[in-house]
Protein chains: 2
Amino acid sequence: MDCMTTELLGKSMIGWSRSEGSEVFAHAVQPGSGAQLEPAYVCATDEEVERALSLASFAFGDYSQRSGKERASFLRAIADGIEMVIEDIVARGQLETALPEPRLRGESGRTTGQLRMFADLIEEGSWVDARIEHAQPDRQPLPKPDLRSMQRPLGPVAVFCAANFPLAYSVAGGDTASALAAGCPVTVIAHEAHPGCAEIIGHVVQKVAQQCGMPEGVFSLLYGGGPKVGQAVVRHPIIQAVGFTGSRAGGSALMEIAARREQPIPVFAEMSSINPVIFLKGALARGEKALVEAFFVSLTLGVGQFCTNPGLVFLEEGSGDAFLTMLKDLVEASSAGLMLHAGICENYKKTTEATAAANGVEILAACKTHVGADEAAPVVFQVDIEDFIANPNLQAEMFGPATLVVRGSIEKIHEAVTRLEGQLTASIHGTDEELAANADLVAALQGRAGRLICNGFPTGVEVCSSMVHGGPFPATSDGRTTSVGPLAILRFTRPVAWQGFPNAVLPAELQEGNPLGIQRYEV
Amino acid sequence: MDCMTTELLGKSMIGWSRSEGSEVFAHAVQPGSGAQLEPAYVCATDEEVERALSLASFAFGDYSQRSGKERASFLRAIADGIEMVIEDIVARGQLETALPEPRLRGESGRTTGQLRMFADLIEEGSWVDARIEHAQPDRQPLPKPDLRSMQRPLGPVAVFCAANFPLAYSVAGGDTASALAAGCPVTVIAHEAHPGCAEIIGHVVQKVAQQCGMPEGVFSLLYGGGPKVGQAVVRHPIIQAVGFTGSRAGGSALMEIAARREQPIPVFAEMSSINPVIFLKGALARGEKALVEAFFVSLTLGVGQFCTNPGLVFLEEGSGDAFLTMLKDLVEASSAGLMLHAGICENYKKTTEATAAANGVEILAACKTHVGADEAAPVVFQVDIEDFIANPNLQAEMFGPATLVVRGSIEKIHEAVTRLEGQLTASIHGTDEELAANADLVAALQGRAGRLICNGFPTGVEVCSSMVHGGPFPATSDGRTTSVGPLAILRFTRPVAWQGFPNAVLPAELQEGNPLGIQRYEV
């Protein structure tokens, strides 16, 4: 692909075409200034949604039969294409999302890294979990048939762009990459907070899909001025699974729509987590200053706009005074930060106000500097552990740089942990002796979260084979999956068995002699 | 365990105790005679349901930490125990279900075989998919943490007994075996059609759980005189997943309850499938007699009461006349058979009458012998392919020995296949040349089913590593899983990652030096 400067047209991508659009428009708005950014984004019409999904349905028959190597080339071409438009992304991304340039460059790197990780996975091919059991015609009392199984793609998938990851969990982010890798056409619903980033990346995917000889409909990008287009897509019988990263309300709404369809489908929604961090006494005794500084960085990173932000801290009774004094100093001296968009900022104000008003809650520390439009100020609340246990509303996520400190005995902390909703992460700081002595507490944390962190902080999600970015509801809609790492591909596949087929009709992965040379279970 | 003759008490098992029960009773009824069988089964009270689940919750903390070897011993002891009460099962099973003795003995063997298969799986231990990635403290720009992940149990599971598998998909059947293997306590809801079989097996599980030193609550068995008890269990916040085999209406009701919970949970329901069988011309030309005889056996096996019963046949235009003539002769000379219970028989009458009344449907052949109480008579319907395509109601399952024959061109058959609902199985008969020439049709079948069968019939589900007994809705609630074979264990687990933990605190599966000697991904 040539190096390009993307001209923004403000229109959905329906297969290889641009939409005409409806009469409904939505502009991106610059956080802080409130300025409307050009162009106006035209919402897709009902007919355009229908056409995009119809194309996806046709594309599935072809695309799902492409070899892992072909799909891998496609994913790599997308990654290469993104690198060619990096300056466009950085320029537009700063305007639309207020994310700083280094973050946008870093997130681009993560996005291309994910695409190439899935490309490697499917090019190598063993991920399909091929299982071959040869016939035993002489078995008594009944012959055993020849049976072979492997993972196959579900069908067309809908992916919703995430407000807080305009690149890594949006148009060509982790959900799209894993669904395309699995063999599923993807229809992306753009997020109104960063339609320009969506268009730049969407244009790359649309162009390279054609250049790689992929079928029309393997990718479409839809703009909608509210939930209407997205909900219509999830409701549509052609769609077979949904990827979503966003709010609990948004994810729950999609789960409900999906469950009420004539054919219910899986929704993989990553929604809401307060990521508890427990500090045992011994950990604090090793040096509270380093701990509090690292905690403060984790709390305020990206203006707290990470799903792994530490929104809940447990301290042991009779410890942590110095920790809290230092935290107070850091927070009071901190600056407010511009959030991704006005809606997120309003929600931050609403949720922090609700916490402040809850029974027994005090403000331990609040940022003292001026708070401008669309800015969030770091804040630390404190509450007695009995009040925390008694009030499940204190588990509501405050998406931003806010946290709630709870002090109590180990027994009470254990009780509070068992009553926590599902979490993406749970962290515990302690000496080796303390951890061994509190194995029950670690087990309780394991029961509530997808990832346990020892003497570390939850922000920073490594993209690797052993990562689990998931967890019981409401952290995700289905804690049996991860949205980060190669296992994310299994969200969009199902096992299929072939019984008694002649070799030539079998998929290459299951043929005699293992022509693809993949790892297989074979007896 | 000593050899025993089980005394039937008619009461739920709540942990190690027997319930007192409510004032609601339900008797098993002998199919055919309609005779009430003793004892009366007393329904569990709300308090008893609460106590069973509360015990399950406590048991989870302990049971989920037991080693694979300990859980394997427990499963093997259950299998051994079932073998000791086999005569009781055979005697009671014949009375309650009208299933013949050889079937009950065979199903017992399958049940104990499944228990031992899961025991082998968890004793060996590699199923947990352990992934170890060592820290890279010097990595640039950021150090990589030590990350390790494996599958862990979800929590207490509810299992519903299946009407048509009183042993292999009931109290200690595949769902229970896989959930217990995963580390999940199981609360079983008995089926009203065979409460005595449930009690005999439940007594075995209760007794060996104690003998094996398992925690109280690892198993409970609840009787209910209708859907109330089962629905209360699925609604209860302690339950984390559901296993069900039964009707589409029953499974859909549980899916709805599970989706509406404050914390939605996965339901693994195996519900409804008509298992299409396509006969290409060449296959018929090779010998219609053998084919029609094998088809007739598959259709009438167990009075058609298998989820894999072939309820839909496609024949190519201009072929199949001799096949249909022979089928007609076989069906007309066949006998009616006693069904599992009166409710299933009523449903068979209702669904076959609905098919008979549908536009364009004719009765090709019907059993001519006397049809007694609770008996089902084999019947073959025929309909024009255009009428079939136009009427989705013709895809409704007729649970019993009924099938619908549809003739059309390959193109029309292909079109009909793409419009089919999700299926457990799809079969195609053809010569190697025909199969190669109809790769698109095979691909279309693959899109609709969990298992494809070539030149064979769907009944007879091999329990092995490459079996997929699943399929898109409504065949199952979640086509991404299988309820048969070792992969069924993954329905009841979720991945969990440990980041930066000292070795001694890690589960043995993830410790340095691989103390369990399991297969691991390690970098």
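In the predicted model, Trp498(A) has Leu452(B), a residue of E20(B), as its bridge partner. The two strands concerned, E21 of chain A (residues 493–499) and E20(B), are paired in the parallel sense over 3 bridges.

The interface involves 55 residues of chain B in contact with 55 residues of chain A. On chain B, the elements that each supply at least two residues to the side touching chain A include strand E5 (130–133), strand E6 (147–153), helix H8 (248–260) and strand E20 (449–454). The largest share of this side, 6 residues, is contributed by E21(B). By residue class, the side of chain B that touches chain A comprises 29 nonpolar, 15 polar and 11 charged residues.

An open sheet of 11 strands with mixed pairing runs in the order E15(A)-E17(A)-E18(A)-E13(A)-E12(A)-E19(A)-E20(A)-E21(B)-E6(B)-E5(B)-E22(B). Strand E15 (362–366) of chain A and strand E22 (520–522) of chain B stand at the edges with a single partner strand each, so one side of each lacks a neighbour in the sheet. On average, neighbouring strands of the sheet are turned by 20° against each other, direction ignored. Within the sheet, E6(B) and E21(B) run antiparallel and are joined by 7 bridges; Arg148(B) stands opposite Trp498(B) of E21(B).

Helix H12 of chain A (residues 342–357) packs on the sheet, where it touches E15, E17 and E18 of chain A, and its direction makes about 30° with that of E17(A). Helix H16 of chain A (residues 439–446) lies across E19 and E20 of chain A together with E6 and E21 of chain B, at about 140° to E20(A).

Helix H5 of chain A (residues 174–182) is largely enclosed by the rest of the structure, because 9 of its 9 residues are buried. Just after H5(A), Gly183(A) adopts a positive phi of about 110°.

Technical notes: Residues are numbered from 1 along each chain as its sequence is written. Chains are lettered from A and ligands numbered from 1 in the order in which they are written. This is a predicted model: local features need pLDDT of at least 70, side-chain atom pairs count only at pLDDT 80 or more; totals for chains, interfaces and linings use all residues. A residue is buried if 20 or more other C-beta atoms lie within 10 Å of its own, exposed if 12 or fewer, and partly exposed in between; C-beta atoms are placed from the backbone. Helices (H or I, at least four residues) and strands (E, at least two) are DSSP runs, numbered from the N terminus. Two residues are in contact if their C-beta atoms, placed from the backbone, lie within 7 Å. Ala, Val, Leu, Ile, Met, Phe, Trp, Tyr, Cys and Pro count as nonpolar, Asp, Glu, Lys and Arg as charged, and the others, Gly among them, as polar. Two strands pair if DSSP finds at least two bridges between them. Axes are lines fitted to C-alpha atoms, for helices over the stretch in contact, and angles run from 0 to 180 degrees between N-to-C directions.
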